Amino acid sequence: MNYSFLLGVAIAIAIGCLSILLPYFSHRNQGLHDGCSLLPHKHFWVYSNRVLTPGGITAAAVEISEGHIVSVVNQNKAPKKTKGVHVIDYGNAVIMPGLVDVHVHLNEPGRVEWEGFVTGTKAAAAGGFTTLIDMPLNSVPTTTSKEAFDMKVDAAKGRLFVDVGFWGGLVPENAFNNTAIDELLQAGALGLKSFMCPSGINDFGQTNASHIKEALKILAKYQRPLLVHAETPQPSEEKIETDDSERRMYSTYLRTRPPSWEEEAVKELIGVSKDTLFDGPKDGAHIHIVHLSDSSASLDLIKEAKESGARISVETCPHYLVFSAEEISDGDTRFKCAPPIRDALNRERLWEALKDGHIDMLSSDHSPSSPELKLLETGDFLRAWGGISSLQFGLPVTWSYGQQHGLQLDQLSELWSHRPAKLAGQHKKGTIVTGNDADLVVWDPEINFEIGENYTIYHKHPITPYAGKHLFGSVIATFVRANMVYGNGSHASTACGVPILAA
């Protein structure tokens with residue numbers, strides 16, 4: 001017997017087996033030890049009787065490999081759970097595209113005592129958000145130059161539990177400097193953001209129509225949007241009382257920012273948009289109006305502009321859809337934001353516009369601060385920081401109150417996933433289709449809970465007007481590019497989200 005020959009065959013077989021097994025163990029160990037995911041697998045399937053695809057809600061299986069969606073098939077055609085096939089069956093829970101929030105203030109670098117990348121993205125993951133787009137303020141420095149932008153991107157590395165992109169800032173100092181705007185966009189800013197009123201931050205000044213018109217010429221070239229805080233201060237004949245009792249009343253603050261501020265800003269923006277159409281609406285600059293509060297004249301102007309072909313989109317926020325001015329107690333500055341929460345009739349009109357498609361998407365405008373800036377002890381609405389902390393609650397809040405207005409799951413996903421992803425130029429996110437990033441949220445719409453002592457809030461500070469609310473919709477798991485970054489109340493041990501930069 002030729003033992004040398006047999007030994008050679010055995011060695012060849014062993015090498016062949018190792019070549020097959022080593023990649024498996026390599027991927028398996030990477031998942032186990034790098035801490036990016038709560039799952040040990042790089043290739044797996046997720047099943048549910050309710051998977052939201054572009055074709056509707058269906059019983060489906062989503063195949064995931066190396067960060068992407070490989071296939072979406074009917075459960076009957078999917079492999080069963082056997083040795084070597086990793087399957088997570090979520091039963092009747094909803095599997096939906098991960099939520100995309102285009103309007104958050106994470107405040108890093110410079111103001112991590114307000115929030116920060118770690119706490120903000122942990123809260124996002126716990127709420128089913130897989131992508132955030134960070135605003136150019138209230139970080140220090142504000143993101144109005146290439147140097148400041150690069151500083152923010154560097155600060156984010158290794159501190160993100162979800163993927164995060166960045167808007168650049170448009171201010172008077174850079175508005176007429178084409179080189180500075182070009183550099184900011186070439187550095188990776190997904191678009192620009194400006195204020196048509198004082199921002200509350202000294203180094204982020206108020207822009208006017210001339211500033212905006214100049215920037216839109218450059219943004220049109222890059223096909224990136226300009227996001228605008230649309231309030232323009234107007235002269236007022238009404239004297240606002242300033243004694244302590246009046247300053248504690250929400251109605252006092254509400255009178256300082258009437259709907260006419262929003263209306264005037266929207267008028268100006270529509271006028272500017274007409275001047276920047278160039279060869280047609282598709283080639284014009286895209287103006288996106290953030291956090292619309294006024295559902296009367298301002299909304300009517302936006303609807304008319306859209307019908308005439310203007311490249312204008314608009315968002316509103318859950319707090320404008322949930323709360324009303326009549327229910328805000330004296331001194332409760334947790335509710336202060338700008339533009340302000342208006343009356344109950346205004347709120348109902350916003351819901352109508354949302355359902356009818358006149359409002360394009362939702363955002364949180366998550367704008368936390370250090371607790372002392374909210375002036376909760378004195379309750380001074382005129383001096384307190386204006387910003388609502390809410391990132392973690394967007395999904396259950398929208399679902400809970402949306403059900404009362406006939407909101408369906410597919411509409412919810414359009415408002416929180418598909419359209420925001422499109423605005424930010426993230427075409428591989430926001431829908432469950434083959435080839436997209438495996439960004440998913442798994443949640444149970446029927447489970448109810450209270451934002452109270454037994455509910456963990458991952459924001460830096462648990463100060464929120466949603467405290468005490470009973471909500472429906474509990475997040476079970478959140479996947480970011482196939483990594484389970486949040487599951488059953490725990491986060492992955494390592495922050496493996498990435499900064500998103502425009503190409």
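Which residue just after α14 takes a positive phi? Select Gly425: its phi is about 75°. Bear in mind throughout that this is a predicted model.

**Helix α14**

Step back into the helix itself and select residues 409–423. These 15 residues should span 21 Å at 1.5 Å a residue. The end C-alpha atoms of α14 are 20 Å apart, which agrees with that expectation. Now centre on Leu415. Here α14 has a kink of about 40°. Leu415 is also one of the buried residues of this helix. Colour the others too: Leu409, Leu412, Ser413, Trp416, Ser417, Pro420, Ala421 and Leu423 are buried as well.

**Helix α3 and its partners**

Move to helix α3, residues 146–156. Show the side chains of Lys146 and Asp150. They meet in a salt bridge, 2.6 Å from N to O. The two residues are four apart within α3, about one turn of the helix. Is Lys146 buried or partly exposed? Lys146 counts as partly exposed, because its relative accessibility is 33% and the buried class ends under 20%. Asp150 is partly exposed too, with a relative accessible area of 27%.

The whole structure holds 14 aromatic pairs. One of them joins Phe149 and Phe166, edge-to-face, with 6.0 Å centre to centre and 85° between the planes. Phe149 belongs to α3 and Phe166 to strand β8 (residues 163–166), so the pair ties together parts that are 17 residues apart in sequence. Both phenylalanines are buried.

Select Phe323, Phe335, Phe393, Phe449, Tyr455 and Tyr466 together. Ring pairs link these six residues into a cluster. Then jump to Trp114. The charged end of Arg111 sits over the Trp114 ring, 4.9 Å from the ring centre.

**Salt bridges elsewhere**

How many salt bridges does a search of the whole structure find? It finds 22. Go to Lys306 and Asp360, whose side chains meet at 2.6 Å, N to O. Lys306 lies in helix α10 (residues 297–307), while Asp360 is in the loop between α12 (344–355) and β14 (361–362), so this contact ties together parts that are 54 residues apart in sequence. Check the surface at each end. Lys306 is partly exposed at 23% relative accessible area, whereas Asp360, at 17%, counts as buried.

Next, pick Arg347 and Glu348. They form a salt bridge, with the closest N and O atoms 3.4 Å apart. Glu348 is partly exposed at 30% relative accessibility. Arg347 counts as buried at 17%.

For a network, select Asp163, Lys429, Asp437, Asp439 and Arg481. Salt bridges link these five residues.

**Last stop: Arg383**

Where does Arg383 lie? Look in the loop between β14 and α13 (394–403). Arg383 is exposed, with a relative accessible area of 56%. Leaving aside neighbours within four places in sequence, Arg383 is in contact with Arg247, Lys336 and Leu375. To finish, draw a distance from Arg383 to Val266. Their C-alpha atoms are separated by 26 Å, and the two residues are 117 apart along the chain.

Key. Residues are numbered from 1 along each chain as its sequence is written. This is a predicted model: local features need pLDDT of at least 70, side-chain atom pairs count only at pLDDT 80 or more; totals for chains, interfaces and linings use all residues. Side-chain values use heavy atoms; hydrogens and water are left out. Rings of Phe, Tyr and Trp (its six-membered ring) pair if their centres lie within 6.5 Å; planes under 30 degrees apart count as stacked, over 60 as edge-to-face and the rest as tilted. Buried means under 20% relative accessible area, exposed over 50%, partly exposed in between (1.4 Å probe, protein chains only). A charge sits over a ring if NZ of Lys or CZ of Arg is within 6 Å of the ring centre and within 35 degrees of the ring normal. A salt bridge is a side-chain nitrogen of Lys or Arg within 4 Å of a carboxyl oxygen of Asp or Glu. Contact means heavy atoms within 4.5 Å. The expected span of a helix is 1.5 Å times one less than its number of residues. The bend at a residue is the angle between axes fitted to the seven residues ending there and the seven starting there.
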